Amino acid sequence: MAAVLCGLGAWLPPRVLANEEIAARLDTSDEWIRSRTGIAERRVADPGTSTVDMAVAAGRQALDSAGLTEVDAVVLATATPDQVCPASAPQVAARLGLGEVNAVDVNAVCSGFLYALATASGFIAGGIARRVLVIGADTFTTLVDPDDRGTVPIFGDGAGAVVLRAGDADELGALGPFALHSDGGLAELLMVPAGGAKQRRSDNPHDYFLDMHGQAVFRQAGTRMAEASRSVLEQAGWTVGDVDRFIGHQANIRILQTTAKYLGLPQDALVVNIERTGNTSAASIPLAMADAQRDGTLLAGQRVLLSAFGAGLTWGATLLRWPALANV
Ligand code: ACO
């Protein structure tokens, strides 16, 4: 039994934070941010808008797009749940009126959406669910130190969602194979040091924000995304030349370009929306899917490679032939 993508939704908070506004406050410039990251602006959730709120908005759209009012499970990829305990997925399911469904959070940070797709595919393959709402939602700006010019320009908030249903492996939209990996030995490259069970309290307020070793992360990201991509292509019997669109986690346009170069993929195969979203962590792949679907650059039947890399470290890839979708 394969998991088939049959619905898509996305939601961004209305507040736009442009590079110029950051440059007015921190020692940086629009030119530096654009040329080093490809980002011109990002969206920021106001304090009244939480990860659950954004997930509900994107999830509702994905259900509409799939023509469904019920699912058997909700898998929410997030590193910024509304509370540390409990998970946010049950609240999302309740707000969407989905009843007492199977609902769980998956935290693989920026790779979270791929891990959530794999979790949902496992529910379907194991006969645990026939229809699963998979959401990637992060309010990552809440983890960013407002005084850190190294991270403020990079991250934004948002949510994206898909619906998976049980189907056949040869249908358009069938997902897989998957390659999923981690290296916890490098966890400190991207970490919020305090507030968890290890460092419970800190007198240094900066310890409650993301500490990122940008260059080291950059070096890992392209290599790892290319490795995982090659692995799923080989498992599926596809060549790089078969790939029409590459939807990678939108962390930095140069990471996407480097990954394409390592793979031997033409740059015009890249789906890129980072200029307007920044890095939205678990939301980035479904947000890029929704933008490309809406602007007509992602078409039914195209062969699509998905890959992500993030804190953990975690990374992975999967692929599908793009389905015909309604109401996105
Ligand atoms: N404006 C101006 N100068 C800056 C800024 C800024 N916003 N940020 C850093 N600099 C300076 C640095 O201080 C440094 O100055 P120095 O040479 O005097 O020391 C110089 O620019 C170069 O810094 P680098 O860190 O080498 O810059 P780089 O080209 O690597 O770009 C960046 C930094 C954009 C962070 C890049 O390393 C990157 O994108 N890394 C990957 C980050 C990433 O993907 N993170 C998310 C992973 S996903 C997740 O799970 C959260």
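Let us start with a pair of charged side chains: Arg15 and Glu21 form a salt bridge, with their closest N and O atoms 2.8 Å apart. A salt bridge here is a side-chain nitrogen of Lys or Arg within 4 Å of a carboxyl oxygen of Asp or Glu. Side chains of opposite charge can pair when their charged atoms come close. Arg15 is partly exposed, at a relative accessible area of 38%, and Glu21 is partly exposed too, at 40%. On this scale, buried means under 20% relative accessible area, exposed means over 50%, and partly exposed is in between, with a 1.4 Å probe and protein chains only.

Before going further, note that you are looking at a predicted model, in which local features need pLDDT of at least 70 and side-chain atom pairs count only at pLDDT 80 or more, while totals for chains, interfaces and linings use all residues. Residues are numbered from 1 along each chain as its sequence is written, and side-chain values use heavy atoms, leaving out hydrogens and water.

How many salt bridges does a search of the whole structure find? The search gives 9. One of them joins the side chains of Asp53 and Arg95, at 3.1 Å from N to O. This pair links distant parts of the chain, since Asp53 sits in helix α3 (residues 51–66) and Arg95 in helix α4 (residues 89–95), 42 residues apart. Helices and strands are DSSP runs numbered from the N terminus: helices are H or I with at least four residues, and strands are E with at least two. Asp53 is partly exposed at 25%, and Arg95 is partly exposed at 45%.

Another salt bridge brings together the side chains of Arg131 and Asp72, again with an N to O distance of 3.1 Å. Arg131 lies in strand β6 (residues 131–139) and Asp72 in the loop between α3 and β4 (73–77), so this pair ties together parts that are 59 residues apart in sequence. Arg131 has 25% relative accessibility and counts as partly exposed; Asp72, at 25%, is also partly exposed. Elsewhere, salt bridges that share partners join Asp30, Arg34 and Glu275 into one network.

Now return to helix α4, which also holds Gln91. This residue is partly exposed, at 27% relative accessibility. Leaving aside neighbours within four places in sequence, Gln91 is in contact with Val52, Gln83 and Pro86, where contact means heavy atoms within 4.5 Å. The C-alpha atoms of Gln91 and Val56 are separated by 9.0 Å, although these residues are 35 residues apart along the chain.

Next, look at how two helices meet. Two packed helices are described by the angle between their axes and the distance between the axes. Helix α6 (residues 214–236) and helix α7 (residues 253–263) pack at an angle of about 45 degrees, with axes 9 Å apart. The axes are lines fitted to C-alpha atoms, for helices over the stretch in contact, and angles run from 0 to 180 degrees between N-to-C directions. That angle makes α6 oblique to α7; under 35 degrees counts as roughly parallel, over 145 as roughly antiparallel, 65 to 115 as roughly perpendicular and the rest as oblique. The residues making the contact include Phe218, Met225 and Arg230 of α6 and Ile255, Tyr262 and Leu263 of α7.

Where do we find residues that are buried? After α9 comes Gly296, whose phi is positive, near 80 degrees.

Gly278, in the loop between α8 and α9, is buried at 0% relative accessibility. Leaving aside neighbours within four places in sequence, Gly278 is in contact with Ile39, Glu41, Arg42, Ile154 and Gln250. Ser111 lies in the loop between β5 (102–106) and α5 (112–125) and is buried, with a relative accessible area of 0%. Beyond its neighbours within four places in sequence, Ser111 is in contact with Ala308, Phe309, Gly310, Thr314 and Trp315.
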